[in-house]
Amino acid sequence: MFENLQDKLDRAFKVLKGQGSITEINVAETMKEIRKALLDADVNYKTAKAFTDDVKEKALGLNVLTSISPGQLLTKLMNDELAVLMGGTVEELNISANPTIILIAGLNGAGKTTFSGKLANYLLTKKNKKPLLVAGDVYRPAAIDQLEVLGGQIGVPVYTDRTSKDPVAIAMAGIAEAKKNGQNVVIIDTAGRLAIDEGLMKEIAEVKAQTKPHEILFVVDSMTGQDAVNTAKAFNDRLDFSGVVLTKLDGDTRGGAALSIKSVVNKPIKFIGTGEKMEALDVFYPDRMASRILGMGDVVSLVERAQMQFDEKEAAELQKKIRKNKFDFNDFLSQIQQIKKMGNMKDLMGMIPGVGKAIKDVEIDDNAFTPIESIIRSMTPYERENPDSINQSRRSRIANGSGTNIAEVNKLIKQFEDMRKVMKQFSNPAAAAKMMKGMP
Ligand code: GDP
């Protein structure tokens, strides 16, 4: 995500490397580079100019402490200011009403239907809500099918009426259905167009007027950069929506939409879509995104994403096993399956500080786990529970059974043993603290 921008910002900061103090000249030069980087990332011109002017002024007013380099100081300032640019604080969804009505709007292909499914899944699993999805796209029968498939996957009911061509009537009937069945959030997916047109605006304005939604989320494809911002402006002028959803941030987006949208429409980004899977949705935290753009990684999101997948009881069990050095191949296999559910490997690894840039040109194969899984599956239950029992003859049988070779089996067992050692250390807080001290 945003690798190009990261690289260029990095280069801009180099101007300050080795400089003992912040001066009018070196800050001006750095800011010029930063502005260029932002414009290259497709950030709105006015936004980029106002931003760099502001940061420059603040940088010059900074008291340079001898213990911090000007580069570090400016990075921190940029981090704070980028967060403010993207909205400052996190904006929670307003879901207190019963039922809460959420209207989803946007152009065709932006990711509305996918997001509707993801949002329902999020509300169901994270917020303990009982959502109902309403298929309001009356022009594309395929969109209704798509929503039904997603609903089936995540276990959320979908209200449809394939005979009706009236989105207002469908939305109202959906709300009535939710009230009848005790569903407390109604997510209304609406029809899009390929471009903004009067018909679309009129129709969605009418749905808004009749359903009186508590939230109107505008879904926009972040790959479209400046266009995303213009579309957002047009929708906002008409709909006065309550929040933005940026989709496809896992793709090759330059970052312009994320950085400009708040300053142009003055509405918060509430969620970001980071993949096609139903779990690939994150609440938008401006400060974390800023750290990510600056290549400082996003450990907090990574941890949260992991927590979303892990069952707490299961995690507690696992910790107990690790403490007793009883972590076995069954646990290892189930961990691999959890990681796979978390989404695209490269994206996940990019959230670790310093790693994003390092792996930018590395192809990471999401199937890398396949041989590992087949090796573990070729072990007997006894072997999985007793890794120490796996001697040479067992290893060669496992290699044969899994269609791999002895070297691969040896490698996996060695890695597993190393991992067990590290885990054991980390399960002891004093030892872990000692290890962390040695880290940069
Ligand atoms: P709609 O026409 O606005 O309802 O858009 P869809 O939900 O049908 O999405 C259009 C395409 O974008 C589909 O192929 C989705 O799988 C894909 N898509 C949606 N959100 C994301 C995302 O966050 N990341 C990626 N990579 N693809 C997405």
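Me: What makes helix α5 the element that gives the most to the shell around the ligand?
Reply: Helix α5, residues 112-126, supplies three residues of that shell. A helix here is a DSSP run of H or I with at least four residues, while a strand is a run of E with at least two, and both are numbered from the N terminus. The model is a predicted one: local features need pLDDT of at least 70, side-chain atom pairs count only at pLDDT 80 or more, and totals for chains, interfaces and linings use all residues. Residue numbers start from 1 along each chain as its sequence is written.

Me: How do you know which residues surround the ligand?
Reply: A residue counts as near a molecule if its C-beta atom, placed from the backbone, lies within 6 Å of it. There are 18 such residues, and the closest are G111, K112, T113, T114 and G273.

Me: What makes twelve residues of that shell polar?
Reply: Ala, Val, Leu, Ile, Met, Phe, Trp, Tyr, Cys and Pro count as nonpolar, Asp, Glu, Lys and Arg as charged, and the others, Gly among them, as polar. The shell also has two nonpolar and four charged residues.

Me: How do you know where domain 1 and domain 2 lie in the chain?
Reply: An automatic or database domain assignment sets the bounds, giving 3-85 for domain 1 and 100-295 for domain 2. Contact between them takes 17 residues from domain 1 and 18 residues from domain 2, where contact requires C-beta atoms, placed from the backbone, within 7 Å. On the domain 1 side, α4 gives the largest share, six residues.

Terms used: Contact = placed C-beta atoms within 7 Å.
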